[in-house]
Amino acid sequence: MPRKPLLEFTDRGIYCPQGKFYIDPWKPVDDAVITHAHSDHAYLGHKHYLAHHLSREVLKYRLGDIQLQTIAYGETINKNGVEITLFPAGHVIGSAQVRVVYQGEVWVVSGDYKTEADGVCEPFEPVKCHHFISECTFGMPVYQWKPQQQLFDEMNNWWRQNLENNLATVVVGYSLGKAQRILQNLDLFNGKVYTHGVIENTNEALRRNGIELQPTTRITPDTPKEEVRKGIILAPPSAVGSAWMRKFGPYSFGYCSGWMALRGAKRRRAADRGFVLSDHADWNGLISAIDATGCECVYLTHGYTASFTRYLNEIGFNAREVHTLYGTEEEEAASPQDSPTNLPKGEASNEGEVNKVLSAGEDLGEVGILGGAKDLGEAKGGAI
Amino acid sequence: MKAFAQLFLSLDETNKTNEKVKVLKDYFNCVPDTDKMHMLALFTGRKSKRQINSTQFRLWAIEALKIPSWLFEESYHVVGDLAETIALLFPQNNTGGSSKTLTEWIAEINNLSTYGDEEKRHWLQQSWQLLDTQERFVFNKILTGSFRVGVSQSLVVKAIADIADLDAAVLTHRIMGNWRPEDYTFRELIQPQQEAEDISRPYPFFLAYPIQETSTVQKSVEDLQQTLGEASEWQAEWKWDGIRAQLIKRDGQLFIWSRGEDLSTDRFPELHPFMNELPDGTVLDGEILSFRQGKPLPFNVLQARIGRKNLSKKILEESPVALIAYDCLEYEGKDIREKTQTERRELLEHLQAKTAYPDVFNISTLIDFDSWESLSRKRQQSREMIAEGIMLKRKSATYQVGRKRGDWWKWKIDPLSVDAVMIYAQKGHGRRADLYTDYTFAVWDGDKLVPFAKAYSGLTDAEINKVDAFVKRNTLEKFGPVRTVKPELVFEIGFEGINKSTRHKSGVALRFPRILRWRHDKPKEEADTIETLKAFLE
């Protein structure tokens, strides 16, 4: 008699009936295990949260006063006889894969991940399992990342050039993950790093969590514009084209995203420079990660699921496409009113702006449409 | 090749005109002269013969990449550009790319004509392995001959004009026509006085600006008065819908150039007798149209002929062409573009008066009008005249270079339009890659929707994002790259003309269909019917 699968896909999220808990649910539940603090994975409204230690402060900052338990990588806790262990996912600081074990059956939920070590978060660690639930945001063979050192060399050179040409430098990346990765790789010999309020709030949360980051200066209405123009500005996508950003002109602005690999996407953003920098695995990274699990079955939750599933099956994996609310390619332009609401009080959303900025999947994969809206809300409240 | 690949990347990385000119100048200053001429040929759309066809190109890429062909095609739909797809699919290499110059690469490419298929395949696959991603991209662009870059010819000309200290209009003229980078040197191009002018060389076309930017906002008589001044300073002609062309007679030889700078002399044999009769040193500007009994025929009659390689007797009988001349640019061997419109018109009339072929060598009649108001009324007759609207030319204007505001304006009639339902969608290309931007529209035939037109343009970026999201969430079926979507969204589709067609399900073919606006206010039931559409056929 086939028994019930250990994890199932429900309209609330990934559910473990035996353990009575959900992983990254998008509707309110009693018991939620959270892979990482991006808002398409960590929603507001659950009674109890379990996450990695390094997600603690960011989750509290983003979701407010929640009932949160945190554990270390490799630490196991037991819920109704089911063992839960977190392993590094290499996506952003505090991101984890969730391993679930019951009666010898092993499932792993990847959340979002990348295979290249970025020097900022704990690198991805392959975990042996029977069933692997994986993302595939960049599951097409045209996505192949360059080593990050090469990109950061280009970025630091570009900053230097801008200084010579009397241009301010604005680098755009998501407030959790990309921003810290960029920050840690900037050559401060060039100048100081100035941050948009949204990014600085996240930086502060991470510092409270014991993460050491390079020094940054929050931009406030009192920060002298000329000083800022001599440094480098780290801004979230919601700041692109805003009055806040225009104030520092003339500038050159660089956009950091995996989508920048395609000329079309780059031209749509009208960025001066596109840096192909992603916190998701590229094509080869996905395949090697899936292969390393030795799994019997892999489930693809978001990204180019249809093509990637077909390809995996052709090369001998047993792959299935599943539908979730994580930042999928299919849902990339979903309008905010269709998604559950998790905006903290006082942080208004701005649909028009969000749709303009978030037109490709990674945006959602990393932050989610609500994350975008949230960033924007903060941009209004938190920054100038 | 490295410099050329870098040029492409740098041009992509800026949206500012001045920056682009600077990038172009930097490029010209650092590459050999032969590279400059090859770059110029590529950037001005001069295609050399395609050596490897598209089927071979795909096939050999798939083979070298060792991926299934469906995955290759899916990748292509994500990227929206074949050259870029192949560039990205190969692994990133650390070979440092190629040290050969653009000239050397193009020589190798041209040499492919002496190769058999097997040698071509080997050469191509080896080149892909050798080049780095960016080089591979421009290399593919050169090979596939689809060299559209985000840089207008005028910017390239400006960069060279700056470097060589020459007038941009002179330079624009010098790069017109039939030259090949192999036998036109940079030195020849930029010398102060050119010794041997190429007798086939056309002048740059002067193009009109639309006076009415969009079809939804009408220009009133007062607007015209304000923009253009006194009506008496202008001449008006019908705007014909044919092939804009320049006809050259020099040293006893004939040349017919289309606006796309294609030499089409042989495609229009009917025009040769009257051209032979013209004095040497004559250049005319005008429109070639299909004509019968002194009347222009709709554009599709001409279109049927343009596509043919061989002009059969039947085609020549069914779709005879004639010229409607607008202007005279060279008279008695002298460039007269600096003369006024009125003076040039007189010379043109003088030439036409002497022709023995007045049926073929027509002259564009001047519309008689004494005020903007009366012209505005005349414009309403455009469709009966088989014209697209009216052309306005300032009587005192010289013949200028390219599309300029001020002295030539086109005042088109409003497009015909119907409200239609979107039923299929496909991903776009270039800037619209990976977004659903190409739509098929249908009208009602009883309780069924019949597709009648495809349209790509007319929506804003924000609207495109919304339609894209709708398509992704309302897909009923997928056929390769095409999705059948839930019929729900209604758009107003504009078009210039309509003709019967046996090739289309709907029985009609539209000329230049595009989206005028999204009818959020209309449910799909209120879209137009096939009867409405067919009523336009009269």
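Is B:R517 buried, partly exposed or exposed? B:R517 is partly exposed, because its relative accessible area is 39%, where buried means under 20%, exposed means over 50%, and partly exposed lies in between (1.4 Å probe, protein chains only). Before we go on, note that this is a predicted model, in which local features need pLDDT of at least 70 and side-chain atom pairs count only at pLDDT 80 or more, while totals for chains, interfaces and linings use all residues. Residues are numbered from 1 along each chain as its sequence is written, chains are lettered from A and ligands numbered from 1 in the order in which they are written, and side-chain values use heavy atoms, leaving out hydrogens and water.

Let's stay with B:R517. This residue sits in strand β22 (residues 514-518) of chain B; strands (E, at least two residues) and helices (H or I, at least four) are DSSP runs, numbered from the N terminus. Leaving aside neighbours within four places in sequence, B:R517 is in contact with B:F491 and B:E492, contact meaning heavy atoms within 4.5 Å. B:F491 is 26 residues away in sequence, yet the C-alpha atoms of B:R517 and B:F491 are 5.8 Å apart in space. With B:E492, the side chain of B:R517 makes a polar contact of 2.6 Å. A polar contact is a pair of N or O atoms within 3.5 Å; within protein, one must be able to donate a hydrogen and the other to accept it, and residues adjacent in sequence count only if both atoms are side-chain atoms.

Next, find strand β8 (residues 321-331) of chain B. Since 11 of its 11 residues are buried, this strand is largely enclosed by the rest of the structure. Two strands pair if DSSP finds at least two bridges between them. Strand β6 (residues 282-292) of chain B pairs with β8(B) in the antiparallel sense over 8 bridges, and B:V283 has B:E330 as its bridge partner in β8(B). Finally, β8(B) and strand β9 (residues 334-335) of chain B run antiparallel, joined by 2 bridges. Their hairpin has 2 residues between the strands, and B:E332 takes a positive phi near 50° there.

Now for charges. Side chains of opposite charge can pair when their charged atoms come close. In another, A:R160 meets A:D187 at 3.4 Å, N to O. A:R160 lies in helix α2 (residues 148-164) of chain A, while A:D187 is in the loop between α3 (178-185) and β13 (193-195). Chain A also has a network of salt bridges linking A:K114, A:E116, A:D118, A:R181 and A:D279.

A:N80 has a positive phi of about 50° although it is not a glycine, and A:N80 lies in the loop between β7 (76-79) and β8 (82-88) of chain A. A cis peptide bond, with omega about -5°, joins A:G249 and A:P250.

Technical notes. A salt bridge is a side-chain nitrogen of Lys or Arg within 4 Å of a carboxyl oxygen of Asp or Glu.
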